[in-house]
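Here is a short briefing to read alongside the model. Let's start with the chain as a whole and then look at helix packing and a few individual residues.

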Amino acid sequence: MNTQAAQKALWRRMAEYKYFYLLVIPLLVYYIVFEYVPLYGLILAFKEFNFAKGIWGSDWVGLANFKEIFMLDDFWIAFRNTIIIAVGRLIFEFPVPIVVALLLNEVRKAGLKKFYQVVYTFPHFLSWIIISGILVNFLGNFGVLNQLLELFGMDKVSLLVDPESFRGLIFSSSLWKDMGWGTIIYLAAIAGINPSLYEAASIDGASRFQQMLHITWPSLKSTVMILFILNIGGMMSSGGGGFDQIFNLYNPAVYEKADILDTYVYRRTFSVGLSYGTSTAVGLFKSVINFMLLVGANRMAKRLGQEGIY
């Protein structure tokens with residue numbers, strides 16, 4: 001009887017807030033169609049796909065696809081690059097939005113603060129196709145930079161085809177594009193801090209820097225930790241989230257330093273003709289690594305006394 005009463009109460013609450021649930025439906029449909037239904041295709045990692053037989057009719061090959069990719073040197077180069085670029089993003093890119101949010105919070109004039117937010121956020125809405133075109137026009141062999149260097153009698157630089165400088169170009173361009181967008185979450189967290197804390201600290205004689213250090217930053221730590229965990233959990237996905245960027249910027253001259261697992265799969269599948277089974281095996285492999293990193297980072301956060309994502 002208690003169970004039936006609880007169910008009736010649940011349905012009453014759902015009926016009362018039915019419009020809120022209706023707003024969630026499109027999101028649920030999106031995840032079901034684009035995130036859960038495609039999981040059916042993971043069985044291709046253990047099959048030799050045959051177009052005539054289809055997915056279910058194709059022959060099972062066990063772990064043969066995994067053995068094949070693990071024997072390819074190109075795979076391990078892409079795996080190494082994925083790790084290096086993802087760790088580089090955590091070191092060079094992840095902290096910057098936090099610092100920018102803290103600095104923007106210290107801007108007293110509302111108009112100036114909004115201006116900075118617009119300037120920093122605007123590049124996020126430019127696609128990587130547009131940004132790659134801008135970079136090629138500025139940094140290419142016949143770009144603005146090399147024309148200026150040639151005008152002053154200096155040697156040209158080839159940043160787009162130089163393996164040693166390409167990763168720096170990846171980090172700097174990604175930082176320019178997305179650091180303003182990343183500050184939005186942190187500014188929202190800062191906006192939720194009780195103003196009375198700042199007033200009390202000001203009465204006690206705390207400077208703006210001391211207030212930021214002892215009030216703003218402690219209030220941000222939980223948000224920072226959650227985003228840090230999610231970033232670690234996505235390290236293997238497009239080198240920390242950069243398939244569009246790298247795909248539009250890289251070229252054969254920098255494959256050794258820039259080719260990540262996602263671009264490797266794309267290139268081998270559509271250019272060299274790698275089988276669907278091995279392509280799926282690569283995707284499943286990096287997803288398992290992502291899952292392990294996510295769980296490990298969450299446990300580490302809890303051991304350090306921080307809140308995890310679950």
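Two residues are in contact when they have heavy atoms within 4.5 Å of each other. With that in hand, consider the protein chain of this predicted model: among its contacts with a separation of 6 or more, 66% are made by residues 24 or more positions apart. The chain is built with 17 helices and two strands.

**Overall dimensions**

- For 310 residues, a compact globule would have a radius of gyration near 19 Å, whereas this protein chain has 25 Å.
- The C-alpha trace spans about 85 × 70 × 40 Å along the principal axes of the chain.
- As for burial, 35% of the 310 residues count as buried.

**Helix α10 with helix α6**

- Two packed helices are described by the distance between their axes and the angle between them.
- Helix α6 covers residues 95-105, and its axis comes within 7 Å of the axis of α10, with a crossing angle of roughly 60 degrees.
- Angles from 65 to 115 degrees count as roughly perpendicular and those under 35 degrees as roughly parallel, so α6 and α10 are oblique to each other.
- The crossing in which α6 passes α10 is right-handed.
- On the α6 side, the contact is made by Val96, Pro97, Ile98, Val100, Ala101, Leu102, Leu104 and Asn105.
- Facing them from α10 are Leu175, Met179, Gly182, Thr183, Tyr186, Leu187 and Ile190.
- Sorted by class, the contact of α6 with α10 has 12 nonpolar and three polar residues, and no charged ones.

**Helix α10 with helix α12**

- How do the axes of α10 and α12 cross, and within what distance do they come? Helix α10 (residues 163-191) and helix α12 (residues 208-233) have axes that come within 9 Å and cross at roughly 140 degrees.
- That angle makes α10 oblique to α12, as only angles over 145 degrees count as roughly antiparallel.
- Here too the handedness can be stated: α10 passes α12 in a right-handed crossing.
- From α10, the residues Ile185, Tyr186, Ala189 and Ile190 meet Thr216, Leu220, Thr223, Val224 and Leu227 of α12.
- The residues of this contact divide into seven nonpolar and two polar, with no charged residue.
- Tyr186 and Ile190 of α10 take part in the contact with α6 and also in the contact with α12.

**Residues of helix α5**

- Is Asn81 buried or exposed? Asn81 has 0% relative accessibility and therefore counts as buried.
- Asn81 sits in helix α5, which runs over residues 73-93.
- Leaving aside residues up to four places away in sequence, Asn81 touches Arg167, Tyr255, Glu256, Lys257, Ala258, Asp259 and Ile260.
- Ala86 is also placed in helix α5, and because its relative accessibility is 2%, Ala86 counts as buried.
- The C-alpha atoms of Ala86 and Met235 are separated by 5.3 Å, although these residues are 149 residues apart along the chain.

**Thr278 in helix α17**

- Thr278 belongs to helix α17, which takes in residues 276-303.
- At 0% relative accessibility, under the 20% cut-off, Thr278 counts as buried.
- Which residues does Thr278 touch, not counting those up to four places away in sequence? They are Asn65, Glu68 and Ile69.

Terms used: Residues numbered from 1 in each chain as written. Predicted model: local features only at pLDDT ≥ 70, side-chain atom pairs only at ≥ 80, totals over all residues. Heavy atoms only, no water. Helix = DSSP H or I, 4+ residues; strand = E, 2+ residues; numbered from the N terminus. Buried < 20%, exposed > 50% of the residue type's maximum accessible area, 1.4 Å probe, protein only. Axes fitted to C-alpha atoms, helices over the stretch in contact; angles between N-to-C directions. Left-handed = near helix turned anticlockwise from the far one by under 90°. Nonpolar A, V, L, I, M, F, W, Y, C, P; charged D, E, K, R; others polar. Rg over C-alpha atoms; globule rule 2.2 N^0.38 Å.
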